[in-house]
Amino acid sequence: MRPARALIDLQALRHNYRLARENAGAKSLAVIKADAYGHGAVRVAQALESEADGFAVACIEEALELRQAGIKAPVLLLEGFFEADELALIVEHDFWCVVHSLWQLDAIEATAVGKPLHIWLKLDSGMHRVGLHPADYHAAYHRLQASGKVAKIVLMSHFARADEPDCARSDEQLAVFQAARQGLIAEVSLRNSPATMAWPNIPSDWVRAGIMLYGATPFEHSQAMADQLQPVMTLESKVICVRELPAGEPVGYGGTFVTDRAMRIGLVAMGYADGYPRHAPTGTPVLVDGQRSQLLGRVSMDMLCVDLSDIPKAGLGSRVELWGKHILASEVAAKAGTIPYQIFCNLRRVPRLYSEG
Ligand SMILES: *Cc1c(COP(=O)(O)O)cnc(C)c1O
């Protein structure tokens, strides 16, 4: 069998969830949208269900997958419903539902719901993605109350730059939120992972922890709490072929890397069809038989090349960690000009193997 695989450490996942919850001193939704950032939503939900306060996903398709797998915990739809006819399913399965737009409010008012809804009312406090305008916020809250169709409302907003600890924008967004919610007595949810990790002054009865659950840092620079996270996913494979090349030989598509001395290179069964980023350049770190080395040349669809020159004991069958406990996904992402969120979400084709650590 092809040796490429993703090992998922469920013990590390639980460690990170507890860290989020304890640090926030608040209830914590485990954000498992996009198949739990590539980690497998059902398995992640099962591993956390006994202790998680609830889960958050992007859409009803993802939420239904959890219910079909027997997950009974609360599940929040982060973008609410996309079409009004989803409301029947939302009621049937007791999903919690974001309302971010006035059309959703109209739809709730126009629909007979059998059971009261649990709504997270989202304010656009300055990110300018989805969310109600501050001028509409109070009225929306009171319309929901007056509809008689709502059991509970949580006040919610999302921050654009919480991953920049020195940026004033988060305080500005907080001020907009506080002004808009004045007089509304309800629980609040403002903090995603970077806000949970770096912005203790932002109030949040509920945090929404995504990337930190998976043990990757949302920050570009080192951060105290990021050091306590444990990477959950290890993407690994093996050396399937070894080549000895003299100086001056091009390696891989485009010949973008040329050996500058006699080199030993290893071909690894891992490529961009597995989700390894094609834009990772020569020099991107890899771990071969426990020793740091580097990627050489362009990443192909099913293979990539690594430098074995300084690891004489490495050869055919050597284990290669592409990211995991030693090579952080955030390091690889930075080299490839992206973020760990994206490289996790891009994972495909490789089997995921789950363990308790
Ligand atoms: C995805 C998402 C989160 C989680 O963000 P992280 O940075 O991964 O913690 C939180 N809230 C909303 C609204 C989201 O869409």
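Hi everyone, let's start with two centres: the C-alpha centres of domain 1 and domain 2 lie 37 Å apart. Please keep in mind that this is a predicted model. The chain is split into domain 1, covering residues 10–218, and domain 2, covering 233–355.

So, how do the two domains meet? On the domain 1 side, 16 residues are in contact with eleven residues of domain 2. Together the two domains bury about 1,100 Å² between them, and 63% of that area is on carbon and sulfur atoms. Three residues stand out here: Tyr37, Gly38 and His39 supply 37% of the area that domain 1 buries against domain 2, more than any other three residues.

Which elements give two or more residues to the side of domain 1 that touches domain 2? They are α1, residues 10–24, and α2, residues 33–37. Sorted by class, that side of domain 1 has nine nonpolar residues, five polar ones and two charged ones.

Let's move on to the ligand. It is surrounded by 15 residues, and the closest are Lys33, Tyr37, Ser193, Ile211 and Tyr341. In the side chain of Ser193, an N or O atom is 2.5 Å from an oxygen atom of the ligand. Arg208 has a polar side-chain atom 2.9 Å from a ligand nitrogen, and for His158 the distance from a polar side-chain atom to a nitrogen atom of the ligand is 3.5 Å.

Last stop: salt bridges in the whole structure. There are 22 of them. One that I'd like you to find joins Arg5 and Glu236, with the closest N and O atoms 2.8 Å apart. This pair links distant parts of the chain: Arg5 sits in strand β1, residues 5–9, while Glu236 is in strand β10, residues 233–245, and the two are 231 residues apart.

Conventions:
Residues numbered from 1 in each chain as written. Predicted model: local features only at pLDDT ≥ 70, side-chain atom pairs only at ≥ 80, totals over all residues. Heavy atoms only, no water. Domains from an automatic or database assignment. Contact = heavy atoms within 4.5 Å. Buried area = accessible area lost by both parts, 1.4 Å probe. Helix = DSSP H or I, 4+ residues; strand = E, 2+ residues; numbered from the N terminus. Nonpolar A, V, L, I, M, F, W, Y, C, P; charged D, E, K, R; others polar. Near = heavy atom within 4 Å. Polar contact = N/O pair within 3.5 Å; in protein donor to acceptor, adjacent residues only side chain to side chain. Salt bridge = Lys/Arg side-chain N within 4 Å of Asp/Glu carboxyl O.
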